[in-house]
Amino acid sequence: SAPLLDIADLRVSFRNDRGEEAEALRGVDLTLEPGKVLGVVGESGSGKSVAMMAFLQLLPPTARISGSARFKGEQLVGMSPSKIRRIRGKAVGCIFQDPLSAFNPVITLGDQIIEAIRLHDRSITRRAALKEAERLFELVAIPQPARRVRQHPHEFSGGMRQRAMIAMALANSPDLLIADEPTTALDVTVQAQILDLLGDLRKELGIGLILITHDLGVVAGMADDIAVMYGGRVVETGPTDPIFYETAHPYTAGLIDAVPTLDADGPLRQIEGTPPSIFSRPPGCSFHPRCGRAQAICMTEDPPLRRLGAGRCACHFPVRTPQEAPA
Ligand code: SF4
Ligand code: MG
């Protein structure tokens, strides 16, 4: 089938206040088939949010964007603002980390959903849209939907507010949901409930889901494919199981070690050091200052993303080099 979303060589650059230009995204390729889940994983500053904001045209106008992002065959890069607005919030629904900043505090949640629905279709009456808001609340398992749609965001707990944001993202029956750190602000139990809900909904509704997170554990049970990003590029990608069981990139291996486990005694093993800023990215492989496997070539040559086993990896000295399947 044709991909739902096909991103190729997507690049974003910013200029700092000294007039220097730097690439925040350095040629990213991502593909999502209809109804599938893609996990985009990396620490903050890896470019994972920038990639999504770039093709949805949510970046400041100073960002320079090039490359290709086809959604259902339509090119989004360079699309006119009025046309992209018709895609955003309709064919593509977005869920962010902090629902409080996504909602207007003085308007009831029901009215905000009504507005989201009628923004894309004026022929729907307010009354019908309110019924739809109640149905959506029920869909995301908010108890007493008819009462709750009349409440304001601050009357909801963190988890319930996140459910309301999912309801709003689903308001116009999108084909694609983008969830950027949807559970980071929530406690562990609620986190698991929201992830279950997202997983159930996208199966039930057959929508594609891009789950952006710094926590590989969040996507482990849910993603069909994973793309690990570092320093503005994809450093390892492939089907989920090989990412975990035939891990090739040292950065991915570090992220796996950092996943909290129930039986873990003692502190988590975090990757030492911090990710580089886009204006001071080291030459060669940008992970080299933090990598235990780095050798001289890593400091001068940025490794290309090469096919390796079931996926692709950008590293001169992969942790594991799976055997090619026999012909
Ligand atoms: Fe480490 Fe070198 Fe691989 Fe980069 S290319 S991840 S520095 S081994
Ligand atoms: Mg982010």
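Helices, meaning DSSP runs of H or I with at least four residues, and strands, meaning runs of E with at least two, are numbered from the N terminus. With that convention, Gln144 is found in the loop between helix H5 (126-139) and helix H6 (145-148).

Good morning. Before I go on, the model is a predicted one: local features need pLDDT of at least 70, side-chain atom pairs count only at pLDDT 80 or more, and totals for chains, interfaces and linings use all residues. Residues are numbered from 1 along each chain as its sequence is written, while chains are lettered from A and ligands numbered from 1 in the order in which they are written.

Let me stay with Gln144 for a moment. Its phi is positive, about 50°, although Gln144 is not a glycine. Most residues other than glycine have a negative phi. On burial, I call a residue buried if 20 or more other C-beta atoms, placed from the backbone, lie within 10 Å of its own, exposed if 12 or fewer do, and partly exposed in between. Gln144 has 11 other C-beta atoms within 10 Å, and is therefore exposed.

A second case is Lys72, in the loop between S4 and S5. Here too phi is positive in a residue other than glycine, with a value near 50°. Lys72 is partly exposed, because 16 other C-beta atoms lie within 10 Å.

Two strands are said to pair if DSSP finds at least two bridges between them. In which order do the strands of the open sheet of 4 strands stand? The order is S2-S1-S4-S5, and the pairing is antiparallel. Strand S2 (21-32) and S5 are at the edges with a single partner strand each, so one side of each has no neighbour in the sheet. S1 and S2 run antiparallel and are joined by 9 bridges, with Asp6 partnered by Thr31 in S2. Strand S1 (residues 5-15) is also joined to strand S4 (residues 64-71), by 7 bridges in an antiparallel arrangement; in that pair, Ala8 stands opposite Ser68. S4 then pairs with strand S5 (residues 74-75) over 2 bridges, again antiparallel, and Arg70 faces Gln75 in S5. The hairpin of S4 and S5 has 2 residues between the strands, and Lys72 takes its positive phi there.

I turn now to strand S9 (residues 225-230), of which 6 of 6 residues are buried. In a regular strand the side chains alternate between the two faces of the sheet. From S9, Asp225, Ala227 and Met229 point one way, and Ile226, Val228 and Tyr230 the other. On the parallel side, strand S3 (residues 37-41) pairs with S9 over 4 bridges, Leu38 being the bridge partner of Asp225. On the antiparallel side, S9 pairs with strand S10 (residues 233-239) over 6 bridges, and there Asp225 is partnered by Pro239. S9 and S10 form a hairpin with 2 residues between them, and Gly231 in the turn has a positive phi of about 55°.

A nonpolar core is a set of buried Ala, Val, Leu, Ile, Met, Phe, Trp, Tyr and Cys residues joined through C-beta atoms within 7 Å. The largest such core has 89 residues, and Val228 is among those with the most contacts inside it, together with Ile113, Ala167, Ile210 and Leu211. Its largest share, 7 residues, comes from helix H7 (residues 158-169). Contact itself means C-beta atoms, placed from the backbone, within 7 Å. Leaving out residues up to four places away in sequence, Val228 touches several residues, including Val41, Gly42, Val235 and Tyr251.

Which residues does Pro275 contact, its neighbours within four places in sequence aside? They are Glu43, Gly45, Ser46, Tyr230 and Gly231. Pro275 lies in the loop between helix H11 (250-257) and strand S11 (306-308), and is buried, with 21 other C-beta atoms within 10 Å. Pro275 and Gly42 are 233 residues apart in sequence, yet their C-alpha atoms are 9.7 Å apart.

Finally, the record and the ligand. An unreviewed UniProt entry places the feature "domain: ABC transporter" at residues 5-256. That span is 38% helix and 26% strand, and its end C-alpha atoms lie 27 Å apart. Ligand 1 is surrounded by residues including Cys285, His288, Cys291, Arg293 and His316 (C-beta atom, placed from the backbone, within 6 Å).

Methods
UniProt positions are given in the numbering used here, feature names are shortened, and annotations may be inferred rather than shown by experiment. Two residues are in contact if their C-beta atoms, placed from the backbone, lie within 7 Å.
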